[in-house]
Amino acid sequence: MGEKVAAGQFDLSDRQRYREKLQKCLTGLERLLREKRFDRPKNLMGVEIELNLAGPDGMPKMLNGEVLERIASRDFQTELAMFNLEVNIAPHRLGGRVFDRLAEELRTSLAYADRKAGEVDAGIVMIGILPTLDRDDLVSSNLSEVDRYTLLNDQIVAARGEDFRLDIDGVEHLVCTSKSIVPEAACTSVQLHLQVTPARFADVWNAAQAASAAQIAMGANSPFLFGHELWRESRPPLFQQSTDTRPPELQAQGVRPRTWFGERWISSAYDLFEENLRYFPALLPICDDEEPLEIIEAGGVPRLGELVLHNGTVYRWNRPVYGIADGLPHLRVENRVLPAGPTITDVIANAAFYYGLVRALAEESRPVWTRLPFAAAEANFDAACRYGIDARFVWPRRGRYGGTGEVDAVTLVRDELLPLAAAGLDAWGVEAADRDLYLGVIEERCRRRVNGASWQAATFHRALERGLSREAALAATTRRYAELMHGGEPVHTWPVGLPEPVPLG
């Protein structure tokens, strides 16, 4: 949520005025869609990566203000907590050697940021959840010093009216409470943007929803929180629970959480924006002076500021985005399911798999969402988060008999989804060298049944077997992870365990 907002209190009339303004924005969006006023397709994609700051001991460092001052680049921004940063890569056109170019840009940017962080005895760690985070690290005093984060925290806390309860039952069971939304800052992710035309939006969004379980199964990288081994990808349950404005009574009534998968396949981008208004009260009811309908009437392009701001406080795993570039409105699908890391090669492989798979699924003659119940897609997403690369999914059967069947994630990806992703990358015009290199990384993860989460868990257990305490094992796993991450070889090649100590003498 990149809006610049000023901290302050809202009175009762603010919400009513905001709701009316939101409705005008939604009417304006509907009119822009009906009149086909959107930008023509440019095959543009973009990447954002959230990062952690940690010291040489593997422990989090609350220094993002000092590090950003030293980096002094508009590509890097604050995130929710003082141990977070975000790097934004400028949009690229899908095609040619785009993934190699992205990898090179990221290597340059992150190496520079890591050097600057080193000046204050910190380093960049690209991981879904930093294993060494403690409950005492995730408190409101460690919020980044930015008004919008303080304001968002205050509004979500006020809406909930009581402590947040974290209850994640995985390999181990974590139950605790928090007085703020700051535990959400533990979740560091990769966001993949794809600009699409309104006519293609629903197909791409539906395809992204169907693909999200396979993305997580291949890319899970968040098995630990507060010293507990939980789900292989613990970000989704943590994010949902740490931003949940619903006390238990509203949950029991079926009120929807602000972090959610959704509940149906869609037929238009309008469906998602309309749902956001219908289901979710405003958290930041800040109005500007724009009159969107008057601007459209005059042939102009409205910012739809209230709609954009409200949309940024509903945390869909595939989020619709309205934006303006070069004076023209456009729509994007923002894919938010992936954790950060482990290496740049892994991040780019995950991106290549996503962009290829979504293109192919969106263009199938019998799309997957016409053959797979939405509830099954949601259940697949949950299974992928819990079990990672060992998950089992419900998926449409191939062949004339149709229906759905159960299949393990590795078999589905290797036999069906990787060939689709390759065809999708070909359709984007991506060169064969990039396609084969990065989809080859996903194939090797399948072959070895390894991803970031499985490596972290295996290395942690090896450290325990060597006699380390849990805290020491998590810190040693984090240090080893950071070392291998900076080495740059993809995670499926990483040796499990800690290096043997070198004997003295």
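Author: Residue classes are used below: Ala, Val, Leu, Ile, Met, Phe, Trp, Tyr, Cys and Pro count as nonpolar, Asp, Glu, Lys and Arg as charged, and the others, Gly among them, as polar. This is a predicted model, in which local features need pLDDT of at least 70 and side-chain atom pairs pLDDT 80 or more, while totals for chains, interfaces and linings use all residues. Residues are numbered from 1 along each chain as its sequence is written, and side-chain values use heavy atoms, without hydrogens or water.

Reader: How many charged residues does the lining of the largest cavity have?
Author: A cavity is a set of 1 Å grid points over the protein atoms alone where a 1.4 Å probe fits but cannot get out, with lining residues having an atom within 4 Å of a point. The largest cavity holds about 30 Å³ and is lined by Leu361, Glu364, Val368, Arg371, Trp395, Glu416, Leu417 and Leu420. By class, this lining has five nonpolar residues, no polar ones, and a charged group that numbers three.

Reader: Which helix gives the most to the lining of the largest cavity?
Author: Helices are DSSP runs (H or I, at least four residues), as are strands (E, at least two), numbered from the N terminus. Leu417 and Leu420 are among the residues that line the largest cavity. With three residues, the element that gives the most is helix α13 (residues 409–428).

Reader: What is the volume of the second largest pocket?
Author: A pocket is an open set of points with protein on both sides within 12 Å along at least five of seven lines, and a volume is the space filled by probe spheres set on points joined across faces, edges and corners. For the second largest pocket, the space comes to about 330 Å³.

Reader: Which elements give two or more residues to the lining of the second largest pocket?
Author: Of the 19 lining residues, Pro236, Gln240, Thr259, Glu378 and Asp382 are closest to the centre of the second largest pocket. The lining divides into ten nonpolar, four polar and five charged residues. The elements that give two or more residues are β5 (164–169), α6 (235–242), β10 (259–260) and α12 (374–387).

Reader: At what angle do the axes of α3 and α14 cross?
Author: Axes are lines fitted to C-alpha atoms, for helices over the stretch in contact, and angles run from 0 to 180 degrees between N-to-C directions. The axes of α3 and helix α14 (residues 432–448) come within 8 Å and cross at roughly 60°.

Reader: Which residues of α11 make the contact with α3?
Author: The axes of helix α3 (residues 98–118) and helix α11 (residues 344–362) come within 10 Å and cross at roughly 145°. From α3, Phe99, Leu102, Ala103, Leu106, Arg107 and Leu110 make the contact (heavy atoms within 4.5 Å). Their partners in α11 are Ile344, Thr345, Ile348, Ala351, Ala352 and Tyr355.

Reader: How many residues apart are Lys21 and Glu306?
Author: Lys21 forms a salt bridge with Glu306 (a side-chain nitrogen of Lys or Arg within 4 Å of a carboxyl oxygen of Asp or Glu). The closest N and O atoms are 2.8 Å apart. The pair links distant parts of the chain, with Lys21 in helix α1 (residues 12–34) and Glu306 in helix α10 (residues 305–311), at a separation of 285 residues.

Reader: What is omega for the peptide bond between Gly341 and Pro342?
Author: Pro342 is found in the loop between β13 (328–339) and α11. The bond that joins Gly341 and Pro342 is cis, with an omega of about -5°.
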